[in-house]
Amino acid sequence: MNKDHAKMTSSQDSNYMSRAIRLAQKGRYTTMPNPRVGCVLVRDGNIVGEGWHRRAGEGHAEINALAEAGEQALGATAYVTLEPCSHTGKTGPCCEALIQAGVTRVVYAMEDPNPQVAGGGLERLRAEGVEVDGPVLEKEAWELNPGFIRRMESGRPFVRCKMAMSLDGRTAMASGESKWVTGPSARADVQKLRARSCAVITGIGSILLDDSSLTVREDELRLDNAREAAHTQPLRVVLDSNQQLRIDRKVVQSPPASLVVSAQAQPCAELMGAGIEQIALPGADGRVDLLALLQELGRRQCNEVLVEAGANLAGAFLRRGLIDELVIYMAPKLMGSNARPLFELPLQTMSAQLPLTISDIRAVGNDWRITARPDPEG
């Protein structure tokens, strides 16, 4: 193969993989706890089949693409955003399905971090004479599944913290009044964060003050597949170290499921009577052990969790290095020096500052959304 042809092939691979990634994004709100995966089958320069993983327990992306392609899969190239699985779970191994269909080449975006796969699918394909190339668009593929990857590698979910603030970095008035810091477009955007999360974590202070239901609201989601997203509600997790939660709160009275985590060994009888699951994860400071909480959510197959809390709890997650991504909505208004800060971070010197790497800034209605990740080496 000459260099010009190699470049052309590489460009084609990237283009088809980009299409597979766009397909995978269609499952952003519905595949948990499985990863979001897309697949494109190409034969003689034509797309003959496409598929994405829609929901756990249903066909994987490769299976759906093969079903669409039928006999045209014979001799085709498969572009898959994640290494085809080689183990049998609720469905059969995808690498075997590709082999049986007569696919002659597989281009993958990234290897599967699942220890049950971890290169095994690629090895099986090669052993059967299938040409395997990759990774292609690995970074973009990683962005599809930060939570699944984090859980496979560390046992805990990817933690995203959402905050809303004024231009001067304030989140609520001194009294606690905070409705509304940001506008309706930003609040609707938050629904997308909730919908892609397996769990939403908040503190008892926020529940007592705002009585939020922490649900995905279909009327604000504004998505083509809003009905499916609304059907997949996140687990609502309330940190209540001293058992202050009462049954008249929305997280108790309204579906879906809620989990109350305290530092007290004895569960609250009133919440037990209301059917609320309670667990105790006491930390050394008399509060909930946040790392133990994330490990518990990882055991429950939570990929991504969203922290929606006040300055104290959000600051505690940040101080312990447990936040992977910050999504901050900034409103064009000033709330004054008496208002509450974004995070409770009692830093005293410039050397103690916490550097961030900003990955995205964009307008959302009249507000701005800033996406950043802690940068320990910054």
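# A loop residue, helix packing and salt bridges

Q301 has a relative accessible area of 44%, so Q301 counts as partly exposed. This structure is a predicted model. Q301 sits in the loop that runs between helix 13 and strand 12. Its backbone deserves a look. Q301 is not a glycine, yet its phi is positive, at about 65 degrees. Most residues other than glycine have a negative phi.

## The whole protein

Now step back. The protein contains 14 helices and 16 strands. Its radius of gyration is 23 Å, close to the 21 Å that the globule rule gives for 378 residues, so the protein is as compact as a globular protein of that length. Along the principal axes, the C-alpha trace spans about 70 × 45 × 40 Å. How much of the protein is buried? Of its 378 residues, 51% count as buried.

Contacts also reach across the sequence. Take contacts between residues at least 6 apart in sequence. Of these, 69% join residues at least 24 apart.

## Helix 13 against helix 14

Helix 13 covers residues 290–299, and helix 14 covers residues 311–319. At what angle do the axes of these two helices cross? They cross at roughly 85 degrees and come within 10 Å. Angles from 65 to 115 degrees count as roughly perpendicular. Helix 13 is therefore roughly perpendicular to helix 14.

Which residues make the contact? Helix 13 brings L290, L293 and L294, while helix 14 brings L313, A316 and F317. By class, the contact has 6 nonpolar residues, no polar residues and no charged residues.

## What covers helix 6

Helix 13 turns up again at helix 6. Helix 6 runs over residues 146–154, and its buried residues are P146, G147, F148, I149 and R151. What covers these buried residues? The cover includes helix 5, strand 6, helix 13 and strand 12. After helix 6 comes G155, with a positive phi near 85 degrees.

## Salt bridges

Side chains of opposite charge can pair when their charged atoms come close. How many salt bridges does a search of the whole structure find? It finds 27. Here are three of them.

| Side chains | N to O distance |
|---|---|
| R105 and E131 | 3.7 Å |
| R249 and D248 | 3.5 Å |
| R369 and D360 | 3.8 Å |

The pair of R105 and E131 links distant parts of the chain. Is R105 buried or exposed? Buried means under 20% relative accessible area. R105 is at 13%, so R105 counts as buried. E131 has 43% and is partly exposed.

The other two arginines in the table are also worth checking. R249 is buried, with a relative accessible area of 17%. R369 is buried, with 16%. D360, the partner of R369, is at 21% and counts as partly exposed.

Some salt bridges share partners. They join R36, E143, R160, R196, E304, E325 and R373 into one network.

## Loops to look at

Most peptide bonds are trans. Where are cis bonds found here? One joins M32 and P33, with omega about 5 degrees. P33 lies in the loop between helix 1 and strand 1. Another cis bond joins G134 and P135, with omega about 0 degrees. P135 lies in the loop between strand 5 and helix 5.

D44 has a positive phi of about 55 degrees, although D44 is not a glycine. Its place is in the loop between strand 1 and strand 2. At 71% relative accessibility, D44 counts as exposed.

L74 lies in the loop between helix 2 and strand 3. Is L74 buried or exposed? L74 is at 53% relative accessibility, so L74 counts as exposed. Which residues does L74 contact, leaving aside its neighbours within four places in sequence? They are R43, A101 and G102. The C-alpha atoms of L74 and I99 are separated by 9.4 Å, and these residues are 25 apart along the chain.

Terms used. Residues numbered from 1 in each chain as written. Predicted model: local features only at pLDDT ≥ 70, side-chain atom pairs only at ≥ 80, totals over all residues. Heavy atoms only, no water. Axes fitted to C-alpha atoms, helices over the stretch in contact; angles between N-to-C directions. Helix = DSSP H or I, 4+ residues; strand = E, 2+ residues; numbered from the N terminus. Parallel < 35°, antiparallel > 145°, perpendicular 65-115°, else oblique. Contact = heavy atoms within 4.5 Å. Nonpolar A, V, L, I, M, F, W, Y, C, P; charged D, E, K, R; others polar. Salt bridge = Lys/Arg side-chain N within 4 Å of Asp/Glu carboxyl O. Buried < 20%, exposed > 50% of the residue type's maximum accessible area, 1.4 Å probe, protein only. Rg over C-alpha atoms; globule rule 2.2 N^0.38 Å.
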